[in-house]
Amino acid sequence: MKFGKYLKENSKPEWKLYYLDYKLLKNLIKKMVKQLAEGNMTKIEIETPFINTIEQETTKVNDFFLQMEIEILGKLRQFKQLLSSKEVLGFGKHSQANTDALKFEIDYLADMLTDLAQYTNVNFKGIRKILKKHDRHTGMVALPWFLSKLKHQPFYSSSKQFGNMLVKFSECCSKVRKIIGAKEKEIDVVEGGFQAFQRQTTKYWVNEEDIMRVKTIIAKHLPVYIFTSSSARFPRNPTDGANISSCYYDNPDTMELYEGRLKKTEGAIAIRFRNYEANPDEIFVERKTHHESWVVGGGSVKERFDLDRSDVFDFVRGTYTLNDYINRLHEQDKEDKDIKIACKLFTEVQNAIIERNLKPAMTTEYNRTAFQIPGDASVRISIDTNLKMIRQSLNLKNDGRWRKEQGQIEESDVHDFPYAVLEVKLQVHEGVEPPEWVTELIESELVRIAVKYSKYIHGCAMLVPDLVPGYPVWIKEFDNHEKEQKEREKQIKREIDQSQGIFELLEEEEDDDDRVNDPNYLEEDDDIELHFFGKHDKEEYVSVKPEKSIIQKVSDFFNFDRFFTSGEKPIFTRMKIEPKTYFANERTFLQWMSFCIVIQAIGIALISFPNNNFVGITSGIFFVIISVIFMGYSLFLFRWRAARIRNNQPGRYDDVWGPVALFVIMVLAVLANGVFYIYQQSTADPDDVDPLVTMIHN
């Protein structure tokens with residue numbers, strides 16, 4: 001879809017005048033291209049009207065955003081005061097009309113928040129899109145430095161403002177639920193020390209434009225969750241979430257922890273070091289262990305203990321000992337029972353890191369918004385936005401760094417995940433259904449289920465594909481490694497040339513205009529990019545492949561494993577395979593072959609029978625052809641099923657069309673044989689009919 005059409009479809013009609021004028025800017029770019037081709041003006045004279053216009057449009061968007069922010073905050077403040085007044089505190093129980101009025105006001109405020117979030121999202125996309133178009137068609141660079149300038153504008157850095165508004169909206173929703181009779185019992189939660197969790201978690205993907213709508217739907221039923229501990233996992237400021245960073249460790253030679261989590265083998269673990277925005281000096285060492293459902297207390301178990309940031313490097317090397325950790329726990333006045341459990345986990349995690357030669361492999365960073373009644377884990381929902389995966393060095397040097405510092409991260413080390421990740425965590429007893437509103441949300445078009453999605457697995461599959469032993473099933477949707485890499489390289493190239501482009505504008509040189517006059521100029525970007533990043537002559541990459549034999553071609557044709565691999569590596573799913581599954585597939589194939597042989601024997605008998613006539617020969621040929629076709633079909637189906645089984649592919653394994661097609665074809669063959677025979681009998685001379693043939697057909 002072209003962006004102009006997208007902008008029109010996603011704009012709020014009442015705010016039409018306050019959106020980015022994309023069409024105006026697009027026409028300015030066309031005018032600039034013509035002026036550059038004519039060569040009568042300097043670049044700075046050509047560029048200035050566009051820069052002034054886009055700055056005016058940005059100011060217009062910012063002013064309207066600030067105006068709407070003030071209006072929404074005012075409405076939320078007034079509504080909260082109204083809900084706290086004595087006149088309102090009891091009437092919800094006595095009048096359905098009043099209850100409906102409160103719910104209507106909540107829906108109205110939720111729509112305002114959603115519309116404003118959509119407004120900022122559409123306008124930012126428009127600015128980024130028009131800057132890309134400007135750079136591509138004019139040869140002058142504006143995207144990097146203008147976006148850098150844009151980051152200081154309110155509507156661009158609006159996550160904190162929206163977080164503030166969402167918290168206030170959540171407070172209003174909580175008051176409304178209390179007024180209409182919903183009970184929320186809060187329990188204080190203490191953060192830090194040793195903790196263990198057992199949850200049933202389902203993950204979903206949410207499109208960027210639907211994030212605020214999903215948040216407001218959840219906030220109507222659950223409050224935004226803020227921890228009340230001294231460690232301040234979430235900031236005390238009125239915002240809806242906090243940045244979380246998790247560094248995963250793995251063996252760079254085998255990626256065994258990755259493989260275990262990917263295949264979901266019993267006892268597979270993941271070891272990570274997590275810290276929260278509010279207290280970056282407090283690092284949680286976490287171990288996640290996967291258990292099958294048949295294991296007592298099965299499910300994913302997360303255990304963790306906390307360390308000071310300064311002790312993490314010594315911990316992973318083994319120089320920070322158990323005695324040091326025990327002394328730290330005593331200083332914190334921990335109970336002996338908690339110390340014993342934490343020390344056991346400390347020893348197991350440290351031994352696993354040293355014995356398995358685990359190194360920093362991948363870091364995930366995101367902003368998490370959690371919804372939960374504090375202390376009540378029956379329903380806990382979180383949304384992770386601005387998700388990034390960062391490739392680590394897969395090495396541990398003697399420099400005191402247990403992961404890459406911010407200045408060490410290169411552009412090629414980062415993968416931006418295009419969706420928000422919604423996690424629905426339920427603790428319900430067997431036979432008890434989850435809340436109705438949860439079911440409606442996860443079945444709506446706003447979310448898309450992501451079966452067994454893992455941030456760590458996704459990051460490794462995208463950023464270190466050469467090291468991983470296989471890929472998750474969802475990676476097919478993101479299987480555009482080369483395209484994404486080229487975009488990154490192109491961005492780096494532009495940022496490096498940024499200063500040069502600015503100087504060209506200031507110097508008002510006209511010597512480079514000949515390059516713009518070239519009609520093939522707009523197709524030159526890829527060539528410049530390839531030479532800059534060290535692409536050699538094409539001949540170096542051309543390899544002559546030997547001609548395959550007929551046997552190899554047939555073998556490749558029936559090698560259906562190629563449909564379930566990515567880069568010649570398998571794609572794993574959750575399904576378990578037992579040997580009897582292969583045997584069942586073979587038995588089905590043999591049964592098909594047996595039936596085909598019977599049909600083929602009948603056909604051959606009809607063809608080779610002495611003194612046979614036209615009807616018999618035709619019928620026999622028809623039966624033989626049918627048998628051969630279905631022999632090939634059964635072989636195809638056997639190989640296809642075997643490939644699906646080997647590659648752990650979920651879905652239906654029954655044959656929907658084969659039996660139906662065989663039934664229809666056999667019925668038609670028998671009917672055709674009967675019609676031919678009746679027709680021949682009715683037109684043939686009675687003296688020419690062979691009595692033996694007549695007996696066989698009868």
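Asp384 counts as buried, because its relative accessibility is 0%; buried means under 20% relative accessible area, exposed means over 50%, and partly exposed is in between (1.4 Å probe, protein chains only). This is a predicted model, in which local features need pLDDT of at least 70 and side-chain atom pairs count only at pLDDT 80 or more, while totals for chains, interfaces and linings use all residues. Residues are numbered from 1 along each chain as its sequence is written, and side-chain values use heavy atoms, with hydrogens and water left out.

Side chains of opposite charge can pair when their charged atoms come close. A salt bridge here is a side-chain nitrogen of Lys or Arg within 4 Å of a carboxyl oxygen of Asp or Glu, and the structure has 25 of these salt bridges. The table lists some of them.

| Salt bridge | N to O distance |
|---|---|
| Lys455 and Asp384 | 3.0 Å |
| Glu286 and Arg272 | 2.6 Å |
| Lys404 and Asp413 | 2.9 Å |

Lys455 and Asp384 form a salt bridge; Lys455 lies in helix 13 (residues 455-463) and Asp384 in strand 7 (residues 379-391), so the pair ties together parts 71 residues apart in sequence. Helices (H or I, at least four residues) and strands (E, at least two) are DSSP runs, numbered from the N terminus. Lys455 is buried too, with a relative accessible area of 7%. Both residues belong to a network of salt bridges that also links Arg368, Glu423 and Lys425.

Next come the other two rows. Glu286 and Arg272 form a salt bridge; Glu286 lies in strand 4 and Arg272 in strand 3, so this pair joins parts that are 14 residues apart in sequence. Both Glu286 and Arg272 are buried, and Lys404 and Asp413 are buried as well.

Now for the aromatic rings. How many aromatic pairs does the structure hold? There are 30, where rings of Phe, Tyr and Trp (its six-membered ring) pair if their centres lie within 6.5 Å; planes under 30 degrees apart count as stacked, over 60 as edge-to-face and the rest as tilted. Phe273 and Phe315 make an edge-to-face pair, 6.3 Å centre to centre with 75° between the planes. Phe273 sits in strand 3 (residues 269-276) and Phe315 in helix 9 (residues 309-317), 42 residues apart. Phe273 is buried at 0% relative accessible area, and Phe315 is buried at 0% relative accessibility. One aromatic cluster includes Phe273 and Phe315, along with Trp402.
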